[in-house]
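Here is a short briefing for a reader who is new to this structure. It goes through the side-chain contacts topic by topic.

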Amino acid sequence: MIESSVNVSGSGVIVEIDESKFGKRKFHRGKRVEGKWVFGGVERETGACFMKVVADRTTDSLLSVINEYILPGSIIISDCWKSYDCISNEGFVHLKVNHSVSFKDPGTGAHTNTIEGTWGAVKRGIPASKAKCQLDYYLAEYVWRKKNKHMCSKFMAFIDSIVRVYPLTADEPEEAAT
């Protein structure tokens, strides 16, 4: 399995969450009709993010991803999708934005502009023809590039990532480590 996510969270940390459908539009017009649902979140202060392909947008599916990547005590901002109604019961502070009224809640100042912008950036980098079969790879690449954007040597960051995924074992010869 490809690791396309980074844990984001902490007490008082703001995390914007949303789901988006990745796929191909019919005749390049209208809503996207074919594709996969991706659920993700962005930590507002650092830009750290997680993205995961989900089978559906039910409460169980989304809540399992939330509990996997976000620690209790975090401030989660979402839209008013009904599957998010139970977030407050899970130990999170939950703020909602009703997009049919405004894009920024006038009372709390909550918005989901960061995650919405992230979806746009990710979708621009994925050819529609690849969204069905290689979506996990593109999501992993996007998260990795975002995480390592300040590294002087992208090559060394890449090698470090490989070593984290495939660490040397004790039975390997010492020459392999050099």
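**Side-chain contacts at a glance**

Phe22 and Trp119 are both buried (under 20% relative accessible area; exposed is over 50%, partly exposed in between, with a 1.4 Å probe and protein chains only). This is a predicted model, where local features need pLDDT of at least 70, side-chain atom pairs count only at pLDDT 80 or more, and totals for chains, interfaces and linings use all residues. Residues are numbered from 1 along each chain as its sequence is written, and side-chain values use heavy atoms, with hydrogens and water left out.

**Aromatic pairs**

- The structure has 5 aromatic pairs. Rings of Phe, Tyr and Trp (its six-membered ring) pair if their centres lie within 6.5 Å; planes under 30 degrees apart are stacked, over 60 edge-to-face, and the rest tilted.
- The Phe22 and Trp119 pair is edge-to-face, because the ring centres are 5.7 Å apart and the planes stand at 80 degrees.
- Phe22 belongs to strand S1 (residues 14–25) and Trp119 to helix H2 (residues 113–124), so this pair links distant parts of the chain, 97 residues apart. Helices (H or I, at least four residues) and strands (E, at least two) are DSSP runs, numbered from the N terminus.
- Phe50 and Tyr69 are stacked, with 5.1 Å from centre to centre and 10 degrees between the planes.
- Phe50 sits in strand S3 (residues 49–54) and Tyr69 in helix H1 (residues 59–69), so their pair ties together parts 19 residues apart in sequence.
- Phe50 and Tyr69 are both buried.
- Ring pairs also join Phe39, Phe50, Tyr69 and Tyr84 into a cluster.

**Charges over rings**

- Arg57 lies over the face of Trp37, 4.1 Å from the ring centre. The rule asks for NZ of Lys or CZ of Arg within 6 Å of the ring centre and within 35 degrees of the ring normal.
- Lys123 places its charged end over the ring of Phe22, 5.0 Å from the centre.

**Salt bridges**

- The whole structure holds 5 salt bridges (a side-chain nitrogen of Lys or Arg within 4 Å of a carboxyl oxygen of Asp or Glu).
- Arg57 meets Glu19 in one of them, at 3.2 Å from N to O. Arg57 is in the loop between S3 and H1, and Glu19 is in strand S1, 38 residues apart.
- Glu19 is buried, at 8% relative accessible area, while Arg57 is partly exposed at 22%.
- Glu68 and Lys52 form a salt bridge at 3.0 Å, N to O.
- Glu68 is partly exposed, at 41% relative accessible area.
- Glu141 bridges to Arg145, with the closest N and O atoms 2.9 Å apart. Glu141 and Arg145 are 4 residues apart in helix H3 (residues 135–147), so about one helical turn separates them.
- Glu141 is partly exposed, at 35% relative accessibility.

**Cysteines**

- The count of disulfides is 0 (a disulfide is a pair of cysteine sulfur atoms within 2.5 Å).
- Cys49 is buried, with 2% relative accessible area. Cys80 is partly exposed, at 39%.
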